[in-house]
Amino acid sequence: MKTETKLPVIDCDVHNQLRSGKDLLPYLDEPWRSHAAQFGIPGAGLPYSSPIGNKRKDANPPGGGPVGSDPAYMLEHYVNPFNVEYALLCSDSFISASGLADADYAAALCRAYNDYVLAEWIPQSPKYKTYMCIATQDPQQAVREIDRIGPHPDIVAVSVTGGSRMPYGQRFFHPIYEACERHGLPLVIHPGSEGAGIFNAPTAVGYVSNYLQWHTCLSQTFMAHLVSFVCDGVFEKYPNFKVVLCEGGVTWLPPLLWRLDKNYKALRSSVPWLKRLPSEYVRDHCFITTQPIEEPDNPKHLAAMFEMFDAENMLLFSSDYPHWDFDDPTKILRWLPEDKQRKIFSENARKLFRL
């Protein structure tokens, strides 16, 4: 992107945080409020830690508190200087509530967070929109939360974590997708708790040894969920339902779809509800965020990968602000023609999220 053109940006992955767990207490129902006041807000319990942390060192609010906890400073430090038209807020803390063993407590935390962000963040700027959080342990409670808060005009999607006890296409989760479709809300899948809490191991062969391996292997989760969405017939059952694969990489998609299409041609009798090639469902129902974009030594290799799928219509810009692997919207994908940049940096998201 040419910095002087100042193309509009809709950032589909901006992480806001609480100043402290006490911020959530006024929004929690009893008995969970007393429980959280006494024991604190539970975290994801991820068995890995990053040796460099997970935040930008220059994003600390001048008034103190964790990075991403000050809505005014986020506007000053990132949103306004980078010509961000909309910053779509994604909590990587409360989507991890799905990893708690207590389904009722998890649902209560998500309800409280949704009320908190609508009360404390959204009024700070019309540039802020948010994804609502749900807990997946009990789909019926998740549906009630989507019906309760989903119609709010500043909620643009439903967010869940990549960590799970089963692939997301399975029928256990279908009531959630029916509710998403009913309210016109995409489902955003974001990583951060794979291998934590009650979730399965973070890779197909079990637990890896360190954060480097965990972070590199996150794409495995997205592959499994995507194949399940298609082969379990979610997109045939819910024809207006959309999925965003957020922060899981990009270039794994073409070879996965080649393999899936090839296998489908021989094994289609096992998925009789499918009426089209798997890749066609993915093209029409799925989006991928750009961050973390793969960066080969030869940029032409990335351009070639973009030609292998409908990149200009499926990609959504995301920065991952204020995390350590932040992607600067004035620097990435500058080699693309301006019309394709405009789609990826704003127009695809504008249409998907009805902004």
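**Rings, burial and a pocket**

Student: Why is Phe 306 called buried?

Tutor: Its relative accessible area is 7%, and buried means under 20%, so Phe 306 counts as buried. Keep in mind that this is a predicted model.

Student: OK, and how do you class Trp 335: buried, partly exposed or exposed?

Tutor: Trp 335 has 38% relative accessibility. Buried is under 20% and exposed is over 50%, so Trp 335 lands in between and is partly exposed.

Student: What makes the pair of Phe 306 and Trp 335 tilted?

Tutor: Start with the general idea: two aromatic rings are described by how far apart their centres are and by the angle of their planes. The ring centres of Phe 306 and Trp 335 are 5.5 Å apart, and rings pair if their centres lie within 6.5 Å. Their planes are at 45°. Under 30 degrees would be stacked and over 60 edge-to-face, so this pair is tilted.

Student: Where in the chain do these two sit?

Tutor: Phe 306 is in helix H11, while Trp 335 is in the loop between strand E8 and helix H13.

Student: How do you know that the charged end of Arg 56 sits over the ring of Phe 326?

Tutor: The charged end of Arg 56 is 4.4 Å from the ring centre, and the limit is within 6 Å. There's an angle test too, within 35 degrees of the ring normal. Arg 56 is listed as sitting over the ring. Likewise, Arg 276 lies over the face of Tyr 281, at 4.6 Å from the ring centre.

Student: Last one: what makes up the lining of the largest pocket?

Tutor: The lining has 17 nonpolar, 17 polar and five charged residues. Among the residues nearest the pocket's centre are Asp 92 and Gly 192. Asp counts as charged and Gly as polar. The pocket's volume is about 630 Å³.

Notes
Residues numbered from 1 in each chain as written. Predicted model: local features only at pLDDT ≥ 70, side-chain atom pairs only at ≥ 80, totals over all residues. Heavy atoms only, no water. 1 Å grid on protein atoms, 1.4 Å probe; cavity = no way out; pocket = protein on both sides within 12 Å on 5 of 7 lines; lining within 4 Å. Points joined across faces, edges and corners; volume = space filled by probe spheres on them. Phe/Tyr/Trp six-rings, centres within 6.5 Å; stacked < 30°, edge-to-face > 60°. Helix = DSSP H or I, 4+ residues; strand = E, 2+ residues; numbered from the N terminus. Buried < 20%, exposed > 50% of the residue type's maximum accessible area, 1.4 Å probe, protein only.
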